[in-house]
Amino acid sequence: MTDRPGDLVQGTLDMLILKTLSLEPMHGYGVAVRIEQMSRGVFRVNAGSLFVAFQRLQRSGLIRSEWKASENNRRAKYYQLTEQGRNRLKTETREWGRQVAAIARILEA
Amino acid sequence: MSLLRTIAAGLRSFFRREAARRELDEEPGLFLEMAAQEKMRQGRSREDALRGVRLERGSLEIAKEVVSAAGWESVLETCWRDLRFGLRTLRKSPAFTAVAVLTLALGIWALWVCWPVIYPHAGPRASIRLLHCDTSKRYHLVVSGSNPEGAVGAALRGRPLVGRSPMREQIALQGHGTSAQHH
């Protein structure tokens, strides 16, 4: 096991994006950096996966986007959680807790 | 609701293809730029920083491809492109086009002609012919074929006919086919 940042646990990217956006609206790079910071450098987000996930979430109505001026006065696409996205985050978080507890039980057996 | 949104989003990006493509180019470009700026703040040269980002984050070109191919409208666009390519190719070689069209036409025509000979019972089960239409607004129809009742029945939405003869039947319809009488 290395200490270098690695890929996310498969299937968790959508949930992590929703969580990040629930704090405040953010652009793509901001989301990637925030996920890495919050994981304390354990995860690194692949840019390709990130944009594909944005598109998927947007098409299913969980997030919406608009072009705005960024902190250093450049145009950037900001993503924001919708009400539906907020609900989805709640259910996914609950489901994730259940799964992690189950896996922990298996590994400790 | 979700289906509607998917359709709407697809249509929007299909009809605003230029805008969608520009956005698709712009966003990953900005990502790359922001990530590179971050590295340059740590004292790396611009070139080195960009290379580093690509190395760490994976290819943004591939990401663009994947994003643009993800929506259902990309299938539509591919079909449209294929169609135009096909037509262009056909126009470029008129001799080949002529031969192909003639072959197809001949084949379809031959089948059309031969079908009733090969399968005499597979043709239309009955035909209805208007004989004449007199002043009393009675339409005289001739129905012929292997199963005239079936065809007439279908035409009259299942109204029963009396006095059937298997091959030939003449009926009169009063008015505009609201009632059927044997004639």
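Is Glu61(B) buried or exposed? In this predicted model, Glu61(B) is exposed, with a relative accessible area of 52%, where buried means under 20% relative accessible area, exposed over 50% and partly exposed in between (1.4 Å probe, protein chains only).

## Basis of the model

Because this is a predicted model, local features need pLDDT of at least 70 and side-chain atom pairs count only at pLDDT 80 or more, whereas totals for chains, interfaces and linings use all residues. Residues are numbered from 1 along each chain as its sequence is written, chains are lettered from A and ligands numbered from 1 in the order in which they are written, and side-chain values use heavy atoms, with hydrogens and water left out.

## Chain A and its sheet

Chain A contains four helices and three strands, which are DSSP runs numbered from the N terminus (helices H or I, at least four residues; strands E, at least two). Along the sequence the pattern reads α-β-α-α-β-β-α. Of the 109 residues of chain A, 39% count as buried, and the chain exposes about 6,800 Å², with 51% of that supplied by carbon and sulfur atoms; the areas come from the Shrake-Rupley method with a 1.4 Å probe, and for residues only the protein chains shown count as cover. Among the contacts in chain A (heavy atoms within 4.5 Å) between residues at least 6 apart in sequence, 49% join residues at least 24 apart.

The three strands of chain A form an open sheet in the order S1-S3-S2, with antiparallel pairing; two strands pair if DSSP finds at least two bridges between them. Strand S1 (26–27) and strand S2 (63–69) of chain A stand at the edges with a single partner strand each, so one side of each is left without a neighbour in the sheet. Seven bridges join S2(A) to strand S3 (residues 75–81) of chain A, and Ser65(A) has Tyr79(A) in S3(A) as its bridge partner. Helix H2 (residues 17–41) of chain B packs on this sheet and touches S1, S2 and S3 of chain A, its direction making about 95 degrees with that of S3(A); the axes are lines fitted to C-alpha atoms, for helices over the stretch in contact, and angles run from 0 to 180 degrees between N-to-C directions.

## The interface

In the interface, 27 residues of chain B are in contact with 26 residues of chain A. About 2,200 Å² is buried between the two chains, 56% of it given by carbon and sulfur atoms; this is the accessible area (1.4 Å probe) that two parts lose on being put together, summed over both. Four salt bridges are found across the interface, each being a side-chain nitrogen of Lys or Arg within 4 Å of a carboxyl oxygen of Asp or Glu. Arg57(B) forms a salt bridge with Glu36(A), the closest N and O atoms being 2.6 Å apart.

## Salt bridges within chain B

Over all chains, the structure holds 13 salt bridges. In one of them, Arg46(B) pairs with Glu33(B), with the closest N and O atoms 3.2 Å apart. Arg46(B) lies in helix H3 (residues 46–57) of chain B and Glu33(B) in helix H2 of chain B, so the pair ties together parts that are 13 residues apart in sequence. Arg46(B) is partly exposed at 39% relative accessible area, whereas Glu33(B) is buried at 15%.

Lys39(B) and Glu56(B) also meet in a salt bridge (3.0 Å, N to O), which links helix H2 of chain B with helix H3 of chain B across 17 residues. Here Lys39(B) is buried, at 12% relative accessibility, and Glu56(B) is partly exposed, at 29%. The exposed Glu61(B) forms a salt bridge with Lys64(B) (3.1 Å, N to O); both residues lie in helix H4 (residues 60–70) of chain B, three residues apart, about one turn of the helix. Salt bridges that share partners join Arg44(A), Lys39(B) and Glu56(B) into one network.

## Two further residues

Arg40(A) has a positive phi of about 50 degrees although it is not a glycine. Arg40(A) lies in the loop between helix H2 (28–38) and helix H3 (47–59) of chain A, and is exposed at 77% relative accessible area.

Ser68(B), found in helix H4 of chain B, is partly exposed at 32% relative accessible area.
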